[in-house]
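Colleague: I have a model open and would like to learn how to read its features one by one. Please take me through them.

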Protein chains: 4
Amino acid sequence: MDFAHPARVLDLLDRVATFVRDEVEPAEVDHRRAVEADPWAVPPVVEELKAKARAQGLWNLFLPSESGLSTVEYAPLAEAMGRSPLAPEVFNCNAPDTGNMEVLHLYGSQAQQDRWLKPLLDGLIRSAFCMTEPDVASSDATNMAATAIPDDDEIVLNGTKWFSTGLGHPNCSVVIFMGLTDPTAPRHAQHSMVLVPLDTPGVTIDRMLPVFGRHDEPYGHGQVTFTDVRLPLDSVIAGLGRGFEIAQGRLGPGRVHHCMRLIGLAERALELACVRATRRVAFGKPLADLGGNRERVATARIAIDQARLLVLHTAWKLDAHGLAATRSEISQIKVAVPAMALSVIDMAIQLHGAAGMTDDFPLAAAYAAARSLRLADGPDEVHQDVVARLELKKHRP
Amino acid sequence: MDFAHPARVLDLLDRVATFVRDEVEPAEVDHRRAVEADPWAVPPVVEELKAKARAQGLWNLFLPSESGLSTVEYAPLAEAMGRSPLAPEVFNCNAPDTGNMEVLHLYGSQAQQDRWLKPLLDGLIRSAFCMTEPDVASSDATNMAATAIPDDDEIVLNGTKWFSTGLGHPNCSVVIFMGLTDPTAPRHAQHSMVLVPLDTPGVTIDRMLPVFGRHDEPYGHGQVTFTDVRLPLDSVIAGLGRGFEIAQGRLGPGRVHHCMRLIGLAERALELACVRATRRVAFGKPLADLGGNRERVATARIAIDQARLLVLHTAWKLDAHGLAATRSEISQIKVAVPAMALSVIDMAIQLHGAAGMTDDFPLAAAYAAARSLRLADGPDEVHQDVVARLELKKHRP
Amino acid sequence: MDFAHPARVLDLLDRVATFVRDEVEPAEVDHRRAVEADPWAVPPVVEELKAKARAQGLWNLFLPSESGLSTVEYAPLAEAMGRSPLAPEVFNCNAPDTGNMEVLHLYGSQAQQDRWLKPLLDGLIRSAFCMTEPDVASSDATNMAATAIPDDDEIVLNGTKWFSTGLGHPNCSVVIFMGLTDPTAPRHAQHSMVLVPLDTPGVTIDRMLPVFGRHDEPYGHGQVTFTDVRLPLDSVIAGLGRGFEIAQGRLGPGRVHHCMRLIGLAERALELACVRATRRVAFGKPLADLGGNRERVATARIAIDQARLLVLHTAWKLDAHGLAATRSEISQIKVAVPAMALSVIDMAIQLHGAAGMTDDFPLAAAYAAARSLRLADGPDEVHQDVVARLELKKHRP
Amino acid sequence: MDFAHPARVLDLLDRVATFVRDEVEPAEVDHRRAVEADPWAVPPVVEELKAKARAQGLWNLFLPSESGLSTVEYAPLAEAMGRSPLAPEVFNCNAPDTGNMEVLHLYGSQAQQDRWLKPLLDGLIRSAFCMTEPDVASSDATNMAATAIPDDDEIVLNGTKWFSTGLGHPNCSVVIFMGLTDPTAPRHAQHSMVLVPLDTPGVTIDRMLPVFGRHDEPYGHGQVTFTDVRLPLDSVIAGLGRGFEIAQGRLGPGRVHHCMRLIGLAERALELACVRATRRVAFGKPLADLGGNRERVATARIAIDQARLLVLHTAWKLDAHGLAATRSEISQIKVAVPAMALSVIDMAIQLHGAAGMTDDFPLAAAYAAARSLRLADGPDEVHQDVVARLELKKHRP
């Protein structure tokens, strides 16, 4: 067993962490003000930072074919980026574009890659992912109501999707749509994934959804209706009926990334809590010397470290043994990490008093982000069930 | 021991609850849309509902001198109002006006009552309370930096306050300001409370603070600076140096009201959870039949009932034995009830899936409201300390 | 609403509490030593204390027909008795005899009452209750495998029961046995309750069961086998097939008693914790001034007070509205109170350091007792399900 | 990063795990019966198993100089041994002998090693460790009252120690005593460690302490008084005043061992829970299909895996970077692992119903063992404080 990162990873980690600390975090306040003034535009600082990061080679690190990094090697970099809500985009490592790029890289045709993957890798456009639906429990994928029906040399899309994150971004040009193609096919061959340019006729953005009171401008979480949207058949990714297969492949690394970013966010919250606790004075003492505050700091440290190790191990196992062998772990991190992050962030908010609830600190927004990850991509309960079924199976009579 | 409410209370409770269910809750969606369109105006429906409620005698029920209700008798009515964020204003029972009216009723001069209490009781104006400060830990009241210094026949106010809820409301006309008058006086006779018309020169509203991403329009949580604000000495409530005494008297019933409203909010969340759990289907079953959902419903029911009884007992003790004898209980409910409400609301959100995070349901906003009450009016930790000190005192050597 | 106890209850409470503090608690150490020396004998101090309590009229207070006390009036007395594991027997208010006496009082024939109820009320004999079985999940009563089959003018009992508390006591003379009489009868008319003198041929005590390492001598938790035990038909209580009906009636007050005793135990643990926290010194400070200890004391106080009010309200509702209307509440207290007691006792143990794990303090034994009540008389999960079903029913489509 | 164990470790792990499953676990029932019959004797099966294990080379694996295993390499073996309370002794890897052997190996003189280390390594004798005292808070080591005063060529010991685990074992021949030698010396050079043959005049075993109702025969937790115990000066380990230094060195690997054993115990509890959940039927379904039981299984799996990774990382860091760099981690595992084990074991008990409280399953005893580790070797609170201080230090102004 060796818990040390290799030298190249340590070097990249140092450079990413430094960039985040020296360039990205100080830009947060300006970014927030720019967004408050003009919510659905890209604040100029973002493009400046992107250019700088790319110039330093800190670009597309998430994609093994680009960066040469395995999942477990990219993981600490994702953590470093997770400290700031701006950072992932700066390094072109933001969801859902990362997942979409992976899909295009693994399953896209040459034409699809040329048209969509290239500008995504260059950070020129952005994309969204249209899977969740408002009228059915999306935790049970067999509920999906949207359709993707071939008609001659076209594919016709119908249905309403929501929580398509990034849909409001001015650069969002394409979405990946998932719909039911053949309900008579075997359970995991019924759905297709289709690339849909956002300006295709029949695509209507109904509204941007508030998530715990936030629209997360300029990204947004969109609700979008597809009404007889017609596209050439070659818009289908990898062929009809392969939607689930692709969705599965997209899951493993994606969850590791999400979770590592959340760990970075939790680290930042703990850091802010420690800074506050050692400087703010009440009843004649720094908060760190009052009541159970020290215990809470310790609890947070322990929780973060456990969660990180769980994710790193999952990443390693995914690399070493593949997705099928890592199913329990991937669901485990999906349950464990958001819960951990919420408890750490909530503690940090409490230590900041009323200020912690405002946007003077990044904590209230962090809480909303972490809370949404107890639901996004399957609620806790679905993942607990996966873990339990695999566990019980070992001991069935 | 008798846990039954008297007949008059049961009658009022029935009428308030019916009004909330039939008139207020159905108006919530329109209200939200009106606020989204014009955030800092009063949606017309509010004035309509106020008129209707007043016509039915459901008005100013919080104030014993108006309604003839004791604290424990008003408590279930406050719970019924807590179900909807709109309801308290509709019945003219909204914070902080209730507390301010109590202060004016108990401590105001005839002139102060004529000028401010009357229009408040008529629901014609609104008010705010300026106590918390951004630069010091307000949990420790001795930290207060704002000043209220008499100068001849005037009083001069300086300082910055924040989290003055209601300050953004178009009808907000007056605030009660608390400031340091004499640091050499005994610990609890150093501060004064002053009535400040909002249009007094030197009063500057700096900004409206987001609380967990929400501005709670049209009420708002204001940050406001007082710069050499000069008012006649008779703007002081009850005399110089009596600020703490007044603040204390304001606390007991106010906390009971807050907590009962939160219990109403938790009841609504549980009701929504049950409705969802019995209708939404996943994996072929209603959510109520999946995993631990039933256990969570039971846990919520038990938590709400315990919390309600704790608050009712506190209210009763406040009425029967006075504030000094009820100090522990008043801090106990301040700790117990928001924590309970958060857990119930969070459970309800989780049962609603992604929709629970949006404003299509009142749950996400309810969570923010409940969370802020773990900090407003003293963080949990300060109240736990009060409870612990009183408990340990019984057993000191 | 009136949370005050009536004068007669306050007088009894004062006398019981004083007796427990001055007579019973000081006898605990001697009692423990006597039991260590001779585990299955009754230490003489018990009979002395019983005589004293009876002489003071503090006897059989649990039984309304004897004491004139309603459930909610007896409740605070049960709490006072719960402080010491010895106290209930001293006042002739110990389980399961209380429940058995209630059953005999309500359902027993004159002959049954003469033979068994009288000496039980006099504290001359003790009894046990034989319901739970080792080989089936007793949480589901339809699983019961033991049989009580009429044969001419006799009833024949077969089966194995366990967790018959009190079976090891030298004075235990009779058990109430529950068995299946007619599996073809309606669901709640299949079982019978039978009075079985312990010396009846065919009754074999297999062993005394350790509960978390303790045999709770001289009471014991027995496993007992009934092999073709024949008794006259008039040993059946209230008639064949009425077992469930009787068991139900026995439940309500019994759970209130159990829960109030647990609250008394939790109060004692909190008192011990406060005494320790204000006297024991580490790192130069009393434990009460270290870390989160004060917060834990506050948390305990709040949890106890909430639990007590929940039980008192349940008792009141049972008196005022009957068992059928109080079904949810009776399950609620069964879930809430042991969990509360465990957390308070565990906190007290932790504050006592290693000593808290020994029998130098009553805490480790208290923990075992409270933990067993998460299983006895139905596990938490079964009661949560009752609460949830009743809650969801209100909102079903 | 590489989470794989090397081949030699995997081979040993397979052999130890197989031995525990095939030889040790099946012997538990007989062992328990033997101990019940004759509590303070060594059941013959223990010596048989020891001989067998030794013959297979599964002996003294904990000691790097014997086994060639690093801390992180031994860790999974300790986990495998932790499944059964009998296993550690079978492999001669039981506390406190492991720690004592380490001390003798690292600090003992040749004579001390010949006299005590050799027979300990051969499993012929056992030892105890006398540090904790009844009258002071041992969490604060500066409280220690026992003395070890040199007098000419002798050292004179006085004081009372308790919780000396293993003191009741018939083979216990020697204890390591820690006492105050020079209160004027620097803080960490005041105490000495002394080897005391148990039959030295002046050594009196006062009693065996019950820990949560158990004496853990034939090991026992002893309270022992040293009255003017005189020993030659060469009984002191490593020299006067070096007690703390030695205690520190003993800590790191010892905590890793304790924690890994607890993880093994938690794994066994989870396994028992899964076996029960898939076989026991209530309400027509296996327990695994009822309520939140599956969620609880998932929660346990996640908690165990996180805890294991935290301990393995700590072990690795201890090996790679030494004790001083691993201080936070060593305290972290001390806090995290017992809490995790308690929650898993408690869940397993609940799933077993009343049987889980008895000794028919190893769960109730496991709970007591895990609970004691929240206090042994420093209570949670002390370790949380270590973690918090190191964390806050990074951010102090």
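Colleague: Which span of chain A is 75% helix and 3% strand, and how far apart are its end C-alpha atoms?

Modeller: This is a predicted model, so everything here is computed. The span is residues 241-389 of chain A, and its end C-alpha atoms lie 27 Å apart. For a name, one turns to the record: UniProt, in an unreviewed entry, places "domain: Acyl-CoA dehydrogenase/oxidase C-terminal" at residues 241-389 of chain A.

Colleague: What does UniProt place at residues 12-123 of chain A, and how much helix and strand is there over those residues?

Modeller: The unreviewed entry annotates residues 12-123 of chain A as "domain: Acyl-CoA dehydrogenase/oxidase N-terminal". That stretch of chain A is 70% helix and 0% strand, with end C-alpha atoms 20 Å apart.

Colleague: And what covers residues 128-229 of chain A?

Modeller: According to UniProt, again in an unreviewed entry, residues 128-229 of chain A carry "domain: Acyl-CoA oxidase/dehydrogenase middle". Here the chain is 0% helix and 50% strand, and the end C-alpha atoms are 17 Å apart.

Colleague: Which residues does a cis peptide bond join in chain D?

Modeller: A95(D) and P96(D) are joined by one, with omega about -5°. P96(D) also belongs to a loop, the one between α6 (87-90) and α7 (97-107) of chain D.

Colleague: What is the phi of F163(C), and is the residue buried or exposed?

Modeller: Phi of F163(C) is near 55°, which is positive in a residue that is not glycine. F163(C) lies in strand β3 (residues 154-165) of chain C. Burial is read from a neighbour count, and 20 or more counts as buried. F163(C) has 27 C-beta neighbours inside 10 Å, so it counts as buried.

Colleague: Where is F163(D), and what is its phi?

Modeller: F163(D) is in strand β3 (residues 154-165) of chain D, and its phi is near 55°, a positive value. F163(D) is buried because 27 other C-beta atoms lie within 10 Å.

Colleague: Is D234(C) buried or exposed?

Modeller: D234(C) counts as exposed because it has 12 C-beta neighbours inside 10 Å. D234(C) lies in the loop between β7 (221-232) and α9 of chain C. Leaving aside neighbours within four places in sequence, D234(C) is in contact with S109(C) and A111(C).

Colleague: How do I read the packing of α5 (residues 71-82) and α9 (residues 243-279) in chain C?

Modeller: Take the angle and the axis separation, then the handedness and the residues. The axes of α5(C) and α9(C) are 6 Å apart, at an angle of about 40°. That angle is why α5(C) is described as oblique to α9(C). The crossing of α5(C) past α9(C) is right-handed. Residues making the contact include A75(C), A78(C) and M81(C) of α5(C), and V256(C), M260(C) and I263(C) of α9(C). By class, the contact of α5(C) with α9(C) has 10 nonpolar, four polar and two charged residues.

Colleague: Now the contacts between chains. How many residues does the contact of chain A with chain D take from each?

Modeller: The contact takes 41 residues from chain A and 41 residues from chain D. On the side of chain A, α9 (243-279), α10 (293-321), α11 (327-352) and α13 (380-393) each give two or more residues. The largest share, 14 residues, comes from α10(A). This side of chain A has 22 nonpolar, seven polar and 12 charged residues.

Colleague: And which element gives the most to the side of chain C that touches chain D?

Modeller: The contact of chain C with chain D takes 34 residues from each of the two chains. On the side of chain C, β8 (281-282), α12 (363-372) and α13 (380-393) each supply at least two residues. Of these, α12(C) gives the most, with four residues. The classes on this side of chain C are 18 nonpolar, nine polar and seven charged residues.

Note on methods. Residues numbered from 1 in each chain as written. Chains lettered and ligands numbered in written order. Predicted model: local features only at pLDDT ≥ 70, side-chain atom pairs only at ≥ 80, totals over all residues. UniProt positions renumbered as here; feature names shortened; annotations may be inferred. Axes fitted to C-alpha atoms, helices over the stretch in contact; angles between N-to-C directions. Parallel < 35°, antiparallel > 145°, perpendicular 65-115°, else oblique. Left-handed = near helix turned anticlockwise from the far one by under 90°. Contact = placed C-beta atoms within 7 Å. Nonpolar A, V, L, I, M, F, W, Y, C, P; charged D, E, K, R; others polar.
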